[in-house]
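Here are my notes for someone opening this one for the first time. Have a look at the model, then go through the points in order.

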Protein chains: 2
Amino acid sequence: MTATRIAIVGVGKIARDQHIPAIEASPDLTLTATASRNGQVDGIPAYPDIDAMLAAEPDLQAISLCQPPSARHAAARSAIAAGKHVFLEKPPGATLSDVEDLCAAADAAGVVLFASWHSRWAAAVEPARDWLASRTIRSVEIAWKEDVRKWHPGQDWIWQPGGFGVFDPGINALSILTRILSGPVRLEAATMEVPANRASPIAAELTMRSAGGAPIHAVFDWRQTGPQSWDISVETDGGTLVLADGGNRLTIDGAPHDVPADREYPALYDRFAKLIAEGRSDVDLAPLTLVADAFMVGARVTTDAFED
Amino acid sequence: MTATRIAIVGVGKIARDQHIPAIEASPDLTLTATASRNGQVDGIPAYPDIDAMLAAEPDLQAISLCQPPSARHAAARSAIAAGKHVFLEKPPGATLSDVEDLCAAADAAGVVLFASWHSRWAAAVEPARDWLASRTIRSVEIAWKEDVRKWHPGQDWIWQPGGFGVFDPGINALSILTRILSGPVRLEAATMEVPANRASPIAAELTMRSAGGAPIHAVFDWRQTGPQSWDISVETDGGTLVLADGGNRLTIDGAPHDVPADREYPALYDRFAKLIAEGRSDVDLAPLTLVADAFMVGARVTTDAFED
């Protein structure tokens, strides 16, 4: 089988660090073009925007969208209308209804839509899911605390309405949570701390419940200096499982558990190639649904102004 | 076929005005019990809460939940666990994940779940849908303006986080909108006016788009004194359709269009009885999804304090 001709839209930091190396290492995919206002890749045809690229490269088969979520819907619709398969970075849209529109459009066009959740492919996530499958879950505690100045320096869009704020990293925790537990996770209550000079939360606390009735508590905080935390701890009838480092490290009752080598983005692109081969879409909205629920029912508390 | 034995939970104004008369008029249903902190129905066994009722009335087959949305999830879970079919007043839950949890639980238990949207059963909605089906839609304008002091006097819960605010009536407009248009409706932007002393919006403006690309503009306002407006106007290539009075009156290019007699709640219960007979659930989350999306990406503007 010949490799699928794929293009990247949005050649920014995440594309350079993760997407491009993963595509270049894949036997199933060939990077054929890029579309980006600024970035490009040596030796690969570069276009200023997706529509110019689609017009000039009719043989493209798939498009990976790596730009911020607010611009993603229009680009995805263009790609689908041109008959291309679409890979969406997380979150798959600015809104749930954006993504549902894309699902309907992709189905009608007969193309594959893949809503990727990269944290779900961190090395220890599947081992954690397997270990939990035969245990009864008693409670879950999530701490997702990082320094926004380090990870999003000067990024104004994350603070605008629709910019998600601290849910931008927090949704990664929710994507892992909804993968390692069986059955739906339900949001019961939320509190969001919003800086006086911003529209989006800098911190959030979520009270959730598993389908089996176990309480789930999550704290997301963007004001963490020093060591950063991306940890999920699960108490079960068979011991305590801790997923640390954003899903990359696993301990059971304090003892380290072997996990396979980390290949988050390569695994994502393997999955996309498999979906294309099978003609099947994969769009799980559970993480974004929990975020939307938190905004809908969450209490908002004004906190100190945040200056970058 | 004998009539299905149904109970009502939450005997308040909406139950007395609508649900009880509709059930009493139905040949398919028999009102068998009620559970409510205060209200009851003459001649029908009354219980203080759903769990007491379920224990005392094992022959019940279906439960209609008419209490405020925040209490509905726990009651629905109890009813499903007891093997009863469940009718949910709108909105079907406080959150989307609440409802998804109920869907999974109902499927597992083999019972029917019906998320009712009563405004969709207003007399002119189906005629409007039929008329629009063969037209190209150019734009939609929604004005849903009412006096909160008249319709929700002293109801504190609607102003709390999760109380929906003006989306409590606004979701009725969204339920009609998503019924009369074909394909998904997508939220693009929203602005919410929130009183300085409250957590939920008193007014909202939504910018949406149809699957076909037509702009949709909605204004919800709870500060309307004098005449109240619940109107949806649709410009098409074949003329202008106006659905007025909350879906009950239809004009095309200004000319009144005959509609069947109004039987909103009786039609809802006919539908529920049919779903039970067919063993099929009906849960459309599109209206609640648009509300969650509006809260997630909407800009919040503080406005005058609201005193009841």
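1. Start with chain A, where nine strands make an open sheet in the order β14-β13-β12-β11-β7-β10-β9-β8-β15, with mixed pairing. At the edges stand β14 (255-256) and β15 (299-303) of chain A, each with a single partner strand, so one side of each has no neighbour in the sheet. Strands here are DSSP runs of E with at least two residues, helices are runs of H or I with at least four, and both are numbered from the N terminus. Two strands count as paired if DSSP finds at least two bridges between them.

2. A word on the ground rules. This is a predicted model, so local features need pLDDT of at least 70 and side-chain atom pairs count only at pLDDT 80 or more, while totals for chains, interfaces and linings use all residues. Residues are numbered from 1 along each chain as its sequence is written, chains are lettered from A and ligands numbered from 1 in the order in which they are written, and side-chain values use heavy atoms, leaving out hydrogens and water.

3. Now walk along one end of the chain A sheet. β11 (residues 229-236) and β12 (residues 239-244) of chain A run antiparallel, joined by five bridges, and a hairpin of two residues connects β11(A) to β12(A). Ser233(A) stands opposite Val242(A) there. Next, β12(A) and β13(A) are antiparallel too, with four bridges; Leu243(A) faces Leu250(A) across that pair. Their hairpin has four residues between the strands, and Asp245(A) takes a positive phi near 55° in it. Finally, β13 (residues 249-252) of chain A pairs with β14(A) in the antiparallel sense over two bridges, with Ile252(A) and Ala255(A) as bridge partners.

4. Chain B also has an open sheet of nine strands, with mixed pairing and the order β14-β13-β12-β11-β7-β10-β9-β8-β15. Its edge strands are β14 (255-256) and β15 (299-303) of chain B, each pairing on one side only. Helix α7 (residues 167-180) of chain B packs on this sheet, touching strands that include β7 (137-145) and β8 (186-195) of chain B. Contact means heavy atoms within 4.5 Å.

5. What about the aromatics? There are 18 aromatic pairs over all chains, where rings of Phe, Tyr and Trp (its six-membered ring) pair if their centres lie within 6.5 Å; planes under 30 degrees apart are stacked, over 60 edge-to-face, and the rest tilted. Phe87(B) and Tyr269(B) have ring centres 4.4 Å apart and planes at 5°, so they are stacked. That pair links strand β5 (residues 85-88) of chain B to helix α8 (residues 264-278) of chain B, 182 residues apart. Both Phe87(B) and Tyr269(B) are buried, meaning under 20% relative accessible area (1.4 Å probe, protein chains only), with exposed being over 50% and partly exposed in between.

6. How do the chains meet? 30 residues of chain B are in contact with 30 residues of chain A. Between them the two chains bury about 2,400 Å², 63% of it on carbon and sulfur atoms. Ser97(B), Arg186(B) and Met296(B) supply 26% of the area that chain B buries against chain A, more than any other three residues. Buried area is the accessible area (1.4 Å probe) that two parts lose on being put together, summed over both.

Notes: Axes are lines fitted to C-alpha atoms, for helices over the stretch in contact, and angles run from 0 to 180 degrees between N-to-C directions.
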